[in-house]
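Notebook open, viewer loaded. Here is what I looked up today, in the order I went through it.

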Amino acid sequence: MPAPLSRRHLLARGTTAGFFIVAGQWLWLTPREAEARVFDPQVLSPEQCKALSILGDALVPGAADAGIAAYIDLQLQAGDESLLIGKYLGVDTPAQTEFYRAAADNVISLAGDKNSMQTFATNMASDSLSGWAGPPASYVLFVLRADALDVTYGTPEGFERLGIPYMAQIKPDKPW
Amino acid sequence: MVSKNCDVIIVGAGAAGLTLAARLAEGGKSVSILEAGPERKLGDLVSSQIWARKLKWSEPAVSESGNHKIGHAFNAGTGTGGSALHHYGVWLRMHEGDFSLSSDHGVGLDWPLNYEELAPYYDQVQAEIGLSGDSVKERWRPQGAPYPMPPLPLFAQSRVLAKGFAKTGRHTSPLPLAINSEPYQGRPACHYDGWCDSGCSIGALGNPLAVWLPRALAAGALLEHNARVSRVIRDANNTQRVESVEYLQDGERKTMQADRIIVAAFAVQSVRILLSSATEQHSAPGNHSDKLGRYLMTHPAGTIFGLFDEETYPHQGVTAGQLLSHDDYDEKDAAGGFGSSQWMIGHAIKPHDLLGYGTNRPDIFGAELEPWLKRASRHLGNMTVVCEDIPLPENRITLSDRLDRDGIAHAHAHHDLEPSAAARCTQRMSEGADILRAAGASEVWAGPRIGQHHMGGAVMGSNPEESVTDAFGRVHDTDNLYVAGPALFPSSGAVNPTFTITALASRQADHILSIN
Ligand SMILES: Cc1cc2nc3c(=O)[nH]c(=O)nc-3n(C[C@H](O)[C@H](O)[C@H](O)COP(=O)(O)OP(=O)(O)OC[C@H]3O[C@@H](n4cnc5c(N)ncnc54)[C@H](O)[C@@H]3O)c2cc1C
Ligand code: SF4
């Protein structure tokens with residue numbers, strides 16, 4: 001998990017998103033708040049969340065802070081209502097959980113420390129990792145990178161980071 | 001439980017269903033619409049590409065196979081307005097030659113009607129929904145009434161891209177759109193904020209919620225949501241007639257009766273409903289010669305991107321694009337492949353999501369990414385080629401072995417792209433890269449070839465042995481069961497289908513009203 005965010009950060013980014021279990025209690029938090037408080041994921045294991053968070057952040061810097069692991073876990077809980085882009089990419093909703101679990105387990109067993117993630121991602125892109133199991137690594141990279149783009153740049157804050165006016169007709173009251 | 005009787009039941013509250021509902025209800029029919037998805041209002045359409053995914057068809061999933069899958073999850077929507085609730089509003093007429101593919105080229109199928117028969121309905125619909133465009137600059141446009149509104153203004157991105165077309169000897173015109181360039185019939189002008197994919201909440205885009213639904217309801221049509229039709233049921237005493245539909249709502253299995261039933265549940269689900277209606281005694285309606293589900297089509301399409309020194313500000317405008325090029329449209333036999341094609345030029349675009357520029361460069365990640373995204377958000381240009389699909393009987397919708405939670409079979413969609421149609425798409429995408437370079441792009445890349453729009457599956461035709469319905473969408477082996485929507489298309493052309501879907505539905509409505 002990324003280091004806990006400061007209280008100032010939490011207040012500045014205080015949008016609501018969903019229920020997470022934190023220290024045995026259900027709380028209504030944004031994914032990034034949930035991550036900051038070390039949320040108890042409901043579908044993925046804490047290790048799997050950490051792995052997805054590290055890889056997501058290596059692909060799209062800022063994704064861990066934006067709450068990629070908590071976002072994925074929350075959407076996997078949502079079943080048919082999942083907002084994950086995987087649905088468009090041929091990962092149908094019932095298969096999504098296994099997809100992310102397999103992706104995370106590959107990272108856990110094959111990736112080195114945080115510093116070697118760029119090389120790991122490059123090897124994923126070329127499907128050249130020996131021992132990779134499940135859907136092809138390059139495909140997993142594409143999906144996870146798309147998720148990371150969603151949480152990092154697919155929100156009014158993300159647009160602002162790129163200098164693009166959001167121009168909402170109806171502003172989303174929560175990012176997802 | 002059998003519920004109320006009405007003149008007409010319409011299955012599906014999308015582009016075809018709500019057009020028919022408005023016309024039939026205004027013509028004096030009592031109409032009930034059964035919609036599988038939830039109720040949606042314009043005010044629900046939050047400006048977010050992430051939330052927009054809620055508008056898509058979710059479960060039961062459609063399994064797919066073939067070398068060019070149809071992409072059901074992206075192309076199909078559910079809830080009031082259907083896929084059309086967040087469609088992009090490119091409204092083009094099919095060309096004359098699109099109606100006679102088999103006669104002219106010896107491939108695919110002919111339509112049982114020609115352009116002249118549909119033209120009055122194109123004219124009628126365009127006046128009602130309001131189209132923006134320039135019929136003179138569209139030098140390739142089939143004859144028809146001029147557009148009721150001037151075109152949308154051109155933004156920086158399209159001005160840059162237009163140079164590439166001019167330098168390579170090609171032509172462009174304003175893209176005709178069901179989007180208001182000025183206030184029209186109580187609906188406001190476009191804000192050019194590029195949120196069309198999330199659904200236009202202000203009603204500037206003529207989606208079914210903004211145009212047809214208010215008319216249908218005002219004329220007395222009834223609309224039920226979360227009412228998923230599982231099958232149509234034949235009359236036990238007269239098997240030429242269907243007497244009712246069975247549907248699932250609130251965990252209950254219900255039945256509704258009507259004099260006429262129109263299945264307008266988009267291509268795949270319409271076929272799924274008909275295939276699920278087979279009984280031990282009778283083949284599925286329209287399937288007496290094994291044609292139901294066949295000739296499934298999707299337009300092969302691809303987007304070309306480029307980075308320019310000039311500022312393009314690609315967030316401005318509408319998702320559909322701003323310019324059109326149909327230079328080669330009528331040259332279906334031209335060297336290099338087979339089929340028509342068109343360019344939609346200058347899409348307003350976001351950094352993320354399936355069509356976003358960030359997503360389309362998986363090779364850029366890590367520290368390089370943000371500086372690249374910042375550059376692209378000011379200097380990117382993009383345009384999409386849409387090509388013709390060739391209708392093949394092997395491309396078909398069938399019922400899968402998987403059952404949904406209500407015990408109804410899922411649909412399976414198989415689609416292979418015919419090699420000459422694939423070659424045409426590759427050829428045009430390569431030409432697109434040259435056009436962008438001519439426009440001054442320093443870096444050019446292509447997105448994947450995807451399937452856009454779904455057509456076929458319950459094709460109309462003059463010969464009952466070769467088709468599923470007649471020229472008015474009436475299922476051949478029944479007196480009172482109709483299909484509406486793109487499932488009827490015997491060929492795809494290379495234009496976006498919703499203008500034709502709506503014109504065809506209007507023609508069907510006139511026919512049904514004329515019967516009694
Ligand atoms: C992102 C996107 C952009 C597009 N842009 C364009 C464009 O610019 N121009 C263009 O011409 N076309 C465009 N299209 C395509 C266009 O939306 C479709 O061609 C059109 O909506 C099809 O109309 P329809 O009435 O057949 O189906 P839909 O509009 O999809 O309506 C079908 C309805 O039937 C309902 N239904 C399904 N099964 C059942 C059941 N069993 N019981 C009850 N109801 C059921 C569905 O929930 C749905 O609401 C776009 C599509 C998408 C997804
Ligand atoms: S760009 Fe225009 S048509 Fe599209 S959502 Fe905005 S106002 Fe509506």
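The entries below go from chain A to one of its helices and then to a ligand.

Ground rules first: this is a predicted model, where local features need pLDDT of at least 70 and side-chain atom pairs count only at pLDDT 80 or more, while totals for chains, interfaces and linings use all residues.

**Chain A.** I found nine helices and two strands, as DSSP runs numbered from the N terminus (helices H or I, at least four residues; strands E, at least two). From the N terminus on, their order is α-β-β-α-α-α-α-α-α-α-α. Of the 176 residues of chain A, 53% count as buried, meaning under 20% relative accessible area with a 1.4 Å probe, protein chains only.

**Helix H7.** In H7 of chain A (residues 117-125), I listed A:Met117, A:Phe120, A:Ala121 and A:Met124 as the buried residues. They line one face of the helix, because they fall within an arc of 100° seen down the axis of H7(A); the arc is that of the directions from the helix axis to the C-beta atoms. I then saw that the buried residues of H7(A) pack against H3 (46-59), H6 (93-110) and H8 (137-153) of chain A, with contact meaning heavy atoms within 4.5 Å. Just after H7(A), I noted a positive phi of about 50° at A:Asp127.

**Ligand 2.** I located ligand 2 between chains A and B. Of the 14 residues around ligand 2, A:Gln169, B:Cys190, B:Asp193, B:Cys196 and B:Cys200 come nearest; a residue is near if one of its heavy atoms lies within 4 Å.

Key. Residues are numbered from 1 along each chain as its sequence is written. Chains are lettered from A and ligands numbered from 1 in the order in which they are written. Side-chain values use heavy atoms; hydrogens and water are left out. Buried means under 20% relative accessible area, exposed over 50%, partly exposed in between (1.4 Å probe, protein chains only).
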